[in-house]
Amino acid sequence: MSKFVVNGGHKIKGELRITGAKNSVLPILSATVLNGKINVIHDIPDLSDVEVMIKILESVGCKVKRENGTIIVDSRQLNNHKIPEELVREMRSSIIVLGPMLARCGQVVVSYPGGCELGPRPIDLHLKSLRQMGVHILEKHGFLICSVKKELVGCEIHLDFPSVGATENIMLAAVFAKGNTIIRNAAREPEIQDLQNFINAMGGKVSGAGSATIVIEGVDELHDVEHTIIPDRIVAGTYLVAGAMTKGEIVLTNIIPEHLLSTIYKLKESGCNIEYTKDTIKLIAPSKLRAIEAIKTLPYPGFPTDMQSQFMSLLAISDGISIIKENIFENRYKHAYELIRMGANIKIDGRVAIIKGVHKLTGANVKARDLRGGASLILAGLVAEGTTTIHNIEHIKRGYAHIEKDLRMVGADIYKM
Ligand code: EPZ
């Protein structure tokens, strides 16, 4: 099994270009099922989760070509509606194929998505919303057997929680539905706006993404589309934290700063100097990071849960006591126990983490338990005294394309074994 080896003590200094967002490309690839035409999508990151989604598209009959950072999906001939169980279990977010498959074919069978490393991630909001639109869902032997008896009918749906995946599934299921569908308490993430732009570029009629109310007007058909994925705000935030922790200086290009303002402001709170233009961000780290009184993860535009692990590493070496409250996922602190092996002073009490900054971390053998937790261990290794070896890096490759090459390019001593 591959691992990352990091020798700490090197400043991050230099410039990196951010590529397309994992959490945008996955729902957009799923949406290519809708139009039965040709879909050209640019700035696709080289991630294992993207590979899984491509396999899912091919399993229903799509023809997929990859040319460097561009993917071409031909969805004219679909010939299967049963998604292979091993693919759904490999990637929880493959549940996002429900909506477009029901809109295009009126039926789909998927296995109940595997439990996720972040705690139980139910899909009750997805199923309740689709049933409200007229989908018949039979849950049997660990499979969801979904069919549209008559037709998908637009309706008003109120989400108990602004679930990103549920918002996306409803948007996709509603594209051809009869009449209008209104989503109340919708997720407001930038990736939802990117999905709206993609659906509209293929001839759909969606409005309101980015706000809590999204309206989808049913249309009869869609056409070819070409689209470029928005940059990955979480990869960008991760690299900014790397610059901050190593007392370095980093410039990011091809990024939309307003997509990560909550991260930028928390980095400023820790003493970083940050300037940004419409598509670049420059961070200059302080000589000593300050503790941050409180970080609470919230739905967008609040502080993102996907940046929680990375900030825990930063706070582990900041001057003072910091508190994190993880409000989105039940079990997203596994990385804390690995950081403690490196000398961090962290106490976990349910959804609250209390981090007392230490003077230094020491290199150790640690294990990635989930995607962002794995990234936080790389960040800790950048500043730890000695060598850190990070195992189970397949988790990290789900969301970071060649993170070791990027960090090496800006001064880190990290390599894959
Ligand atoms: C998306 O996951 C992202 N994944 C996650 O990023 C991100 O952390 C999450 O949104 C929150 O921002 C992708 O976009 C592929 P949710 P998703 O539905 O859609 C509960 C990463 O690191 N919930 O907003 O699964 C759920 O249990 C990944 O890139 C229900 O209770 O997130 C969780 O506690 C990790 N019932 C909370 O809502 C439902 O039907 C947030 O889930 C659906 C969700």
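Hi everyone. The largest pocket draws on residues from both domain 1 (4–18 + 231–416) and domain 2 (22–228), so it lies between them. Those bounds come from an automatic or database domain assignment.

Before going on, a word on the model. It is a predicted one, where local features need pLDDT of at least 70 and side-chain atom pairs count only at pLDDT 80 or more, while totals for chains, interfaces and linings use all residues. Residues are numbered from 1 along each chain as its sequence is written, and side-chain values use heavy atoms, with hydrogens and water left out.

Now, the domains themselves. Their C-alpha centres, for domain 1 and domain 2, lie 31 Å apart. Across the boundary, 27 residues of domain 1 are in contact with 18 residues of domain 2, contact meaning heavy atoms within 4.5 Å.

Back to the pockets. Grid points are joined across faces, edges and corners, and a volume is the space filled by probe spheres set on the points.

The largest pocket comes out at about 1,200 Å³. Its lining has 47 residues, and Arg-92, Arg-121, Val-164, Gly-165 and Phe-329 are the ones that lie nearest the centre. What is the lining made of, by class? There are 21 nonpolar, nine polar and 17 charged residues.

H1 gives the largest share, four residues. The numbering runs from the N terminus over DSSP runs: helices are H or I with at least four residues, strands are E with at least two.

The second largest pocket has a volume of about 320 Å³. Here 19 residues form the lining, with Met-245, Thr-246, Lys-247, Ile-317 and Val-383 nearest the centre. H12 turns up again, as helix H8 (233–245) and H12 each supply at least two lining residues. By class, this lining has nine nonpolar, five polar and five charged residues.

Let's zoom in on the loop between H3 and helix H4 (98–105), where we find Ser-94. Met-91 is in that loop too, between H3 and H4. Is Met-91 buried or exposed? Met-91 has 0% relative accessibility, so it counts as buried, and Ser-94, at 1%, counts as buried as well. The cut-offs are under 20% relative accessible area for buried, over 50% for exposed and partly exposed in between, with a 1.4 Å probe and protein chains only.

Leaving out neighbours within four places in sequence, Met-91 contacts Leu-26, Asp-49, Val-52 and Met-53. With residues up to four places away set aside, Ser-94 touches Met-53, Ile-56, Leu-87 and Val-88. The side chain of Ser-94 also has a polar atom 3.5 Å from the backbone oxygen of Val-88.

After H5 comes Gly-134, with a positive phi near 105°.

The peptide bond from Tyr-300 to Pro-301 is cis, with omega near 10°, and Pro-301 sits in the loop between strand S17 (294–296) and helix H10 (308–316).

Then there is Asn-392, which has a positive phi of about 60° although it is not a glycine. Asn-392 lies in the loop between strand S22 (387–391) and helix H13 (394–397), and at 23% relative accessibility it counts as partly exposed. His-402 also has a positive phi, near 60°, in a residue other than glycine. You will find His-402 in the loop between H13 and helix H14 (403–409), partly exposed at 33% relative accessibility.

Conventions:
On a 1 Å grid over the protein atoms alone, a cavity is a set of points where a 1.4 Å probe fits but cannot get out, and a pocket is an open set with protein on both sides within 12 Å along at least five of seven lines; lining residues have an atom within 4 Å of a point. Ala, Val, Leu, Ile, Met, Phe, Trp, Tyr, Cys and Pro count as nonpolar, Asp, Glu, Lys and Arg as charged, and the others, Gly among them, as polar. A polar contact is a pair of N or O atoms within 3.5 Å; within protein, one must be able to donate a hydrogen and the other to accept it, and residues adjacent in sequence count only if both atoms are side-chain atoms.
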